[in-house]
Amino acid sequence: MRKKKLLIIEQCKTTTKEIEVKPSNNIFSELGNNNYNFIELISELIDNSISANIENKQLEIIIDIGISNNEKNSYLIIKDNGKGIKTVDLGRAISPAGFSGGTTLNEHGLGMKQAIASLGNLKYLVTKSNEVDKANYINKFEFGKLEVLEIEVPWESGTEICVENLKDLVPKSQQKITMVVVPYLSAKYRRFLNNGTSDVRIILNLLDIDELDNDGLPYLIQSWELKELKPIYFHPNQRNNKPIHLQKKFKGKGWEAKFTIGYAPTNEEYVELGMEPPKNYEPYNVSINKQGFDLIAHNRVINFTQFSELEFIKVPHHAYNYIRGEIDLVKGFKTSTTKNFVVRDKNFNELLAEINTFLETEKLLERKNDPTELPEHLLRDRLKHHLLTRKIEPKKDVKTEYVVEGLAGSIDILADKEAWEIKRGQASGLDVYQLFAYLDMGNIESGYLVAKSYTTGAETAVDFIKKNHSKEIILVPIDEFPINGPANSEERKKYFR
Ligand SMILES: Nc1ncnc2c1ncn2[C@@H]1O[C@H](COP(=O)(O)OP(=O)(O)O)[C@@H](O)[C@H]1O
Ligand SMILES: [Mg+2]
């Protein structure tokens with residue numbers, strides 16, 4: 001095999017000449033060729049508006065989508081009443097990566113240019129800070145000297161961007177906006193929208209520009225105001241809208257994150273909470289492609305419901321449909337230049353490994369069907385019911401808490417002269433011997449020990465008892481019985497206090 005030697009320039013004989021590297025204006029249209037969807041694109045512009053927030057002033061972001069039979073006339077306007085871009089900063093704001101390396105909602109210095117080029121063609125950008133009288137108006141992005149018109153606007157400060165000749169990815173129907181744009185943006189920016197006196201108002205209007213109203217303005221087809229949309233949890237024991245772990249801190253060298261995990265309510269549990277289950281198009285509807293955790297950075301969702309994507313599981317499976325939560329990336333993480341992906345660097349890999357270990361040691365992924373969270377007497381009564389009603393060899397005479405004379409204790413279930421004991425967790429050799437004591441002193445021939453799992457000592461004890469005492473004890477994993485489901489509200493009332 002031929003190997004290459006590292007070139008060491010100091011060891012070479014050299015002469016010099018120069019080349020010139022010129023910026024190409026093509027970059028402004030090339031930036032539109034990315035893997036963003038509409039939600040992510042418009043979010044770049046919303047991020048910019050939010051970071052231009054003026055303290056103690058309600059930020060208002062209005063997005064107008066104007067549709068026309070003549071597609072070329074269609075437009076999208078996003079207008080905010082934030083700080084605006086100062087004249088001194090305008091050139092740098094337009095230049096790709098002019099403002100970059102930011103660790104806030106402004107990150108790579110590319111978002112606005114990417115979003116505009118992906119949506120259509122820039123018609124204009126008007127921006128005004130409250131330090132000046134007139135707004136700056138530009139109608140193209142270019143390197144070099146750029147003409148700026150100064151115009152009067154009826155607002156104190158803010159930015160208005162208009163894009164025309166909208167591309168296909170821009171939603172142009174009421175249905176698409178209602179079913180995709182509104183729910184996903186409401187979930188994505190939930191932390192900014194969180195109550196009546198919220199920091200940020202985001203309003204979406206769909207307009208028909210072919211039809212004018214009496215004031216000569218385009219006809220308003222529908223208007224939406226975004227309201228906080230957050231995941232709903234159902235705590236299996238407390239039976240309220242709470243996750244199992246809320247904002248548990250994870251920390252490493254140079255990074256910090258908070259992890260929230262819980263379970264979605266079943267439809268029945270939504271009734272118990274007095275809430276409507278989400279519609280199937282909404283982000284937190286229970287389904288196979290909506291399982292997992294939202295990735296959050298700078299208080300808004302970067303990716304929804306990541307689970308197999310983050311390799312916590314290999315392939316999506318229905319068994320995990322109820323798992324939900326948030327991974328809040330507090331410090332030390334980077335997004336890709338399209339802000340819809342967290343860079344898989346050392347910090348992020350460390351975080352994922354730690355969460356994975358946590359999920360495993362706490363058995364959080366199995367928890368929905370974990371009998372250890374159900375009271376033992378509930379399991380016992382469910383098993384009794386099952387033994388009496390099962391199709392194969394149903395039992396006739398079933399008693400619970402059957403007292404064995406002379407031994408201060410009782411058998412969980414005596415069913416047609418068989419003894420049944422239930423353990424929610426792991427059963428050991430001593431548990432087997434306890435059952436043997438019931439069999440021996442109660443004069444019972446055979447017994448069943450139902451448990452989540454068994455130690456090897458338990459199996460050894462079963463063999464020993466059979467050989468030396470001729471009593472049959474059978475170990476049956478609890479999963480073999482249909483008794484492990486979450487408690488319903490009736491059972492909750494009866495068994496949980
Ligand atoms: N709506 C806005 N209000 C105020 N400033 C803005 C607005 N949009 C963009 N800017 C300015 O333009 C810069 C470039 O924006 P952008 O291309 O999205 O990159 P980034 O947000 O990563 O810096 C921002 O850093 C910000 O200074
Ligand atoms: Mg930006």
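## Salt bridges across the chain

Asp-328 and Arg-191 join their side chains in a salt bridge, 2.8 Å from N to O. Asp-328 sits in strand β13 (residues 323-331) and Arg-191 in the loop between α5 (174-188) and β7, so this pair ties together parts 137 residues apart in sequence. Asp-328 is buried at 9% relative accessibility; Arg-191 is partly exposed at 21%.

This is a predicted model: local features need pLDDT of at least 70, side-chain atom pairs count only at pLDDT 80 or more, and totals for chains, interfaces and linings use all residues. Residues are numbered from 1 along each chain as its sequence is written, and side-chain values use heavy atoms, with hydrogens and water left out.

A salt bridge here is a side-chain nitrogen of Lys or Arg within 4 Å of a carboxyl oxygen of Asp or Glu. Helices (H or I, at least four residues) and strands (E, at least two) are DSSP runs, numbered from the N terminus. Buried means under 20% relative accessible area, exposed over 50%, partly exposed in between (1.4 Å probe, protein chains only).

The whole structure holds 22 salt bridges.

| Pair | N to O distance |
|---|---|
| Arg-201 and Glu-60 | 3.2 Å |
| Arg-201 and Glu-225 | 2.8 Å |

Arg-201 lies in strand β7 and Glu-225 in strand β8 (residues 218-225), so their bridge ties together parts 24 residues apart in sequence. Glu-225 is partly exposed, at 31% relative accessible area. Arg-201 is also partly exposed, at 27%.

Notes:
Chains lettered and ligands numbered in written order.
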